[in-house]
Amino acid sequence: MKYTLYVFAIILLFLYAVSCSNETLETKGSPEYLQEIKDWDQHRLERLKADDGWLNLVGRTWLKPGENKFGSAKDNEVLIESDKVPAYMGVFIFQDSTVTMKVNEGVQILMNGDPVDEIKMIGDESKDMTVFQYGSIKWNLIIRDTLYGIRFRDLESEFVDNFNGIERFPVNEDWKIEGTFEEYNPPKTISIPNVLGQISKEPSPGAVVFSRNNQTYRIDAIDAGNRLWLIFADATSGEETYGGGRFLYIDKPDSAGNLIIDFNKAYNPPCVLTKFATCPLPPKENYISLKVTAGEKNYGENH
């Protein structure tokens, strides 16, 4: 009799656990909120598919000092793997933190619709970044610390046409959590690694603090102008979600230091979608033990 009651109790506990698990993975929220997330997803899809989005990247090459020939021929230092461009288009000259592009005679490369012959390139760290185009192929200079590279995109990429979005956890308004902001005065310096193995030092104005299941969690924030940027990893990272963590933007706190963390808007770094991105990774402070079953899940293999 005691054994039967014991087994029955175990079964009840199991069914309860399953029920609780399923409850966290059900769509839940007001019609207005569900529409808000639907609109957010649509905007996310549109940004990814835009001409300056992440889906159409088709190449990235780091420059060596001196001359770097570019084009579709295999013997170019900067190879554009596309039959849409000439075999030999010109040369990138990398010298003393400066990259100059010289265009071969007979090749028409455009910048803002006008042909260029020779020009000093401005990298992506500047709002005045120079962008060049030949047919549907565009490129620009990217700078990552001591690395200078050329990144290419194809505005007619088939990946863009065939992309239908990223799977997400079922929307649950319970993951829209009230939290507080603990200001660092002076700002705390945190180390942000990236997928290239580089480390950048970033000032953090404070920590976003919230509670879930009677546990308190902290995520150091980065100032992103009128918002806060969170780079975090959680107990789903490397399983249901990308092992390199996820991103989340939230509004800055009100005058009382209160804010909202909506994990339904947590999204993947671009490295999930392309091997030609150079994504930051979560600092060690931002690995939390919580299983955040909200926001975007992982997405296939890199393209």
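## The second largest pocket

Strand β1 gives the largest share of the lining of the second largest pocket, five residues. Here a pocket, on a 1 Å grid over the protein atoms alone, is an open set of points where a 1.4 Å probe fits, with protein on both sides within 12 Å along at least five of seven lines, and lining residues have an atom within 4 Å of a point. Strands (E, at least two residues) and helices (H or I, at least four) are DSSP runs, numbered from the N terminus. Keep in mind that this is a predicted model, in which local features need pLDDT of at least 70 and side-chain atom pairs count only at pLDDT 80 or more, while totals for chains, interfaces and linings use all residues. Residues are numbered from 1 along each chain as its sequence is written, and side-chain values use heavy atoms, with hydrogens and water left out.

The second largest pocket holds about 370 Å³ of space, a volume being the space filled by probe spheres set on the grid points, which are joined across faces, edges and corners. Of its 20 lining residues, L57, V58, G59, E81 and F276 are the closest to the centre. At least two lining residues each come from β1 (57–62), β11 and α3 (158–162).

## The largest pocket

How big is the volume of the largest pocket? About 1300 Å³. Its lining has 41 residues, and W54, W229, F247, P270 and P280 are the closest to its centre.

The largest share of this lining, five residues, comes from helix α2. Among the other elements that supply at least two residues each are β10 (137–144), β11 (147–154) and β12 (176–193). Sorted by class, the lining has 21 nonpolar, eight polar and twelve charged residues. Nonpolar covers Ala, Val, Leu, Ile, Met, Phe, Trp, Tyr, Cys and Pro; charged covers Asp, Glu, Lys and Arg; the others, Gly among them, are polar.

Let's look at α2 itself. This helix has 19 residues and reaches 27 Å from its first C-alpha to its last, close to the 27 Å expected at 1.5 Å a residue (the expected span is 1.5 Å times one less than the number of residues).

Which residues of α2 are buried? They are Y33, I37, R44 and L48, where buried means under 20% relative accessible area, exposed over 50%, and partly exposed in between (1.4 Å probe, protein chains only). These four sit on the same side of α2 because they cover an arc of only 55° around the axis, the arc being that of the directions from the helix axis to the C-beta atoms. On the other side of α2, P31, E32 and K38 are exposed. The cover over the buried residues includes β12 and β18 (258–262).

T61 counts as buried because its relative accessibility is 18%. Apart from neighbours within four places in sequence, T61 is in contact (heavy atoms within 4.5 Å) with E77, V78, L79, Y148, G149 and I150.

Next, the backbone. The peptide bond from N185 to P186 is cis, with omega near 5°, and P186 belongs to strand β12. N112 is not a glycine, although its phi is positive, about 55°. N112 lies in the loop between β6 (109–111) and β7 (114–116) and is exposed, with a relative accessible area of 72%. N213 also has a positive phi, near 55°, and is placed in the loop between β13 and β14 (215–220). At 63% relative accessibility, N213 is exposed.
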